[in-house]
Amino acid sequence: MTSAPATGYKVPQLTINGTTVSSPDSIAVVDPSTGEPFIEVPSASVEQLDEAVVAARAAFKTWGKLSLTERQDAIRKVGEVVKANIDELAELVMREQGKPLGNAKGEIMASLRQVEYFGSIELEPEVIKDDETGRAEVRHEPIGVVGAITAWNYPVLAAMFKLVPALVAGNVMILKPSPYTPVATLRLGELLQDALPAGVFQVLAGGDELGRAFTTHADIDKIAFTGSVPTGKAIMKAAADTLKRVTLEAGGNDAGIVLEDADPQVIGKDLFWAAFSNTGQVCAALKRLYVPESKLEEYSQVMAAEAAKVVVGPGTQEGVVAGPMQNAAQLAHVQRLAADARANGADFFFEGEVPEGPGYWFPFTLVRNVSEGVALVDEEPFGPILPILTYTDLDDAIERANSTSFGLGASVWTSDPDGAVEVADRLEAGSVWINQHPVVTASIPFGGIKESGVGVEGSKYGLLAYTNIRVINLKR
Ligand code: NAD
C-alpha cells in the first residue's frame, strides 16, 4: 500500500475511469536534491491497465462523436483547472524533478499555451473534388485510445503536449509518466477528473514494464512517446504487431555552429543557456558547440563568465537558478562521459560549484580540446556539460555536425540571420534555429529526423498525427 509521505504531501493516486484508485504496488519517488525518497505513489498493474483500456474504449464512443467546438470547450476547462492549481503542480514538479520553483511554474505556464493554440484550431474536412462526376471528401477522424508515455525532464509539459491535441482531435488518452517523476502527472489526472468525462483522460504510474504493456495492448491504437532513442526503437518494434500508430519524440545531440561574423559578447549568454537550461536535461539542448578556431579563447571566456553566475542548489532555495540532475543513472552516465573525455586529454576549463553532500549534483562544466570520436561528443549527455569544438573550414564543420544518427535540432549563430539560412539548409535536423536554440511552441511543429524520432508535436501537423484519414468518395 502507499504510505503517507514524511513531508506531508497528499499522495496522488491513479486515475481510472474518472475515479481515484490505489494499487498494492508502489513507486518510491526520490527528491533529486537529497537523493532520498519523499513520497510513495501507487504503481499500476497490467490488470489496471486493462481496466483503463475498457473505460477508455467506452469513453471514446461518446467523446469521439462530440463536435470539435465541444471538445475545445472541454479543453479550455482543462486549462482553467491547470491554471487554478499551478502552485501545487509546480511544487510537485520542483520536488520530483529538481528544478527551481520559478522554472517549475514556467513549465506549467508553457503547457497552457497548448490549450490556447489547440483550443481554437480548425480541423475541417477537405473537399478534393466536387463536380458532375462525384465528390471526394477527406476527413480527419480520431484514432481512438492513445497510450502516452513520457520522460522525466518536463513531466507536466510533456503530458500537456500530448493530452491537449489528442483530446481536441477526438481521442481519449491513458498516460504513463516516467517512474522517476510520476507525482505531478498523477495529481494532474486527479485534478481533471471533474473537468472531463470518465475514461477520457486516465493516468497510470508505473515502470518500464507497464510501458511495454501499453505498446503490446491490442486495444490501444496509438503510442505517443517522449524519451530515449533505444526506448523509441523498442516501442516501434512492439507496436508493429498491432500496427499501432506511433509518434516518437526521442533524444538528440544537437550541434550549434557559430559563424565567423558572430559577436561573442552578443550571443554568449543565449549560447550558454541553449546548452544549460534545465541543467542540460533538454532533448533539444545545444550539446555540441562548433566555434571558429581563431575565436575559441573568446567564446571560452564568455561562456565561463556566464557559467560562473549560475547558482546550483535545491529548487526550494532562494537565489538558486539550476537544480541537480534528476536521477542517479543519468548522473552516472554524465560522470562516465566526463571521465572518459578527461582520459582522452580534454581541457575542463570551467567546472562550477555544487552543494556538498547527497543529491544528484554535477557541476556546470565546459570542455574544450575534444573532438568527434570521444563519447562526450558522440553520445547525448543530457546533463550540464558542453563540449566546445573548433573548426577552420565551414563545410567541414557542417559535415561534422551532421555526422551523427541523431537529427533533433541544430542551430546557426551569426550577425546576418537572413544570410545564415543557406547554412541552416545544410544541417540535418528536424528544427534548425538561427540565433536561438531550442524554441518549441504550440504553433510550430517540433520533431526529429533520422533516429531522433518519428512524427512531430505542435501545430496542425501535430494535431493531424492524432487522426486517421477517412475518405468519403461518391459517384454521381
Ligand atoms: P526513457 O526512454 O528511458 O524513458 C521514457 C519513458 O519510456 C518512461 O516513461 C519509461 O518508463 C518508458 N519506457 C522505458 N522502456 C520502455 C519500453 N520498452 N516500452 C515502453 N515504454 C518504456 O527516457 P528518459 O531517460 O526518461 O528520458 C530521457 C530521454 O528522453 C533523452 O534521450 C531525451 O533526449 C529524451 N527526450 C526527448 C524529447 C523530445 O521531445 N524529443 C523530450 C524530452 C526528452
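# A guided tour, from salt bridges to domains

Start by selecting Arg-342, which is partly exposed with a relative accessible area of 44%. Bear in mind as you go that this is a predicted model.

Next, pick Glu-372 and Arg-400. These two form a salt bridge whose closest N and O atoms are 3.0 Å apart. The pair connects distant parts of the chain, 28 residues apart: Glu-372 sits in the loop between β15 (365–368) and α12 (375–378), while Arg-400 belongs to helix α13 (residues 394–402).

While you have charged residues on screen, select Asp-130, Arg-135, Glu-137, Arg-139 and Arg-476; salt bridges with shared partners join them into one network. The count for the model comes to 27 salt bridges.

One further pair leads us to a helix. Select Glu-107 and Lys-99, a salt bridge with 2.6 Å between the closest N and O atoms. Both Glu-107 and Lys-99 are buried.

Now show helix α4, residues 101–118, as a cartoon. How far apart should its ends be? At 1.5 Å a residue, its 18 residues should span 26 Å, and the end C-alpha atoms are 27 Å apart, so the two values agree. Colour its buried residues: Ala-104, Glu-107, Ile-108, Ser-111, Leu-112, Gln-114, Val-115 and Phe-118. Turn the view to look down the axis of α4, and these buried residues fall within an arc of 140 degrees, so they line one face of the helix. On the other side of α4 you will find Gly-102 and Glu-116, which are exposed. To see what the buried residues of α4 pack against, display α2 (68–84), α3 (86–97), α5 (155–168) and α15 (459–464).

Highlight Val-229, Gly-232, Ile-235, Ala-238 and Ala-239, which are buried in α8. Their packing partners are β7 (145–149), α7 (208–216), β10 (222–226) and β11 (245–249).

From there, move to Pro-179, in the loop between β8 (172–176) and α6 (183–191). At 23% relative accessibility, Pro-179 counts as partly exposed. Apart from neighbours within four places in sequence, Pro-179 is in contact with Ile-27, Gly-206, Gly-207 and Asp-208. For a sense of scale, draw a distance from Pro-179 to Glu-422: their C-alpha atoms are separated by 43 Å, and the residues are 243 apart along the chain.

Finally, zoom out and colour by domain. The assignment gives domain 1 as 14–250 + 453–475 and domain 2 as 254–441. Their C-alpha centres lie 31 Å apart. Where the domains meet, 21 residues of domain 1 are in contact with 25 residues of domain 2. The area buried between the domains is about 1800 Å², with carbon and sulfur atoms giving 59% of it. How many salt bridges are there between domain 1 and domain 2? The count is zero.

Technical notes:
Residues numbered from 1 in each chain as written. Predicted model: local features only at pLDDT ≥ 70, side-chain atom pairs only at ≥ 80, totals over all residues. Heavy atoms only, no water. Helix = DSSP H or I, 4+ residues; strand = E, 2+ residues; numbered from the N terminus. Expected span 1.5 Å × (residues − 1). Buried < 20%, exposed > 50% of the residue type's maximum accessible area, 1.4 Å probe, protein only. Arc of directions from axis to C-beta. Contact = heavy atoms within 4.5 Å. Domains from an automatic or database assignment. Buried area = accessible area lost by both parts, 1.4 Å probe. Salt bridge = Lys/Arg side-chain N within 4 Å of Asp/Glu carboxyl O.
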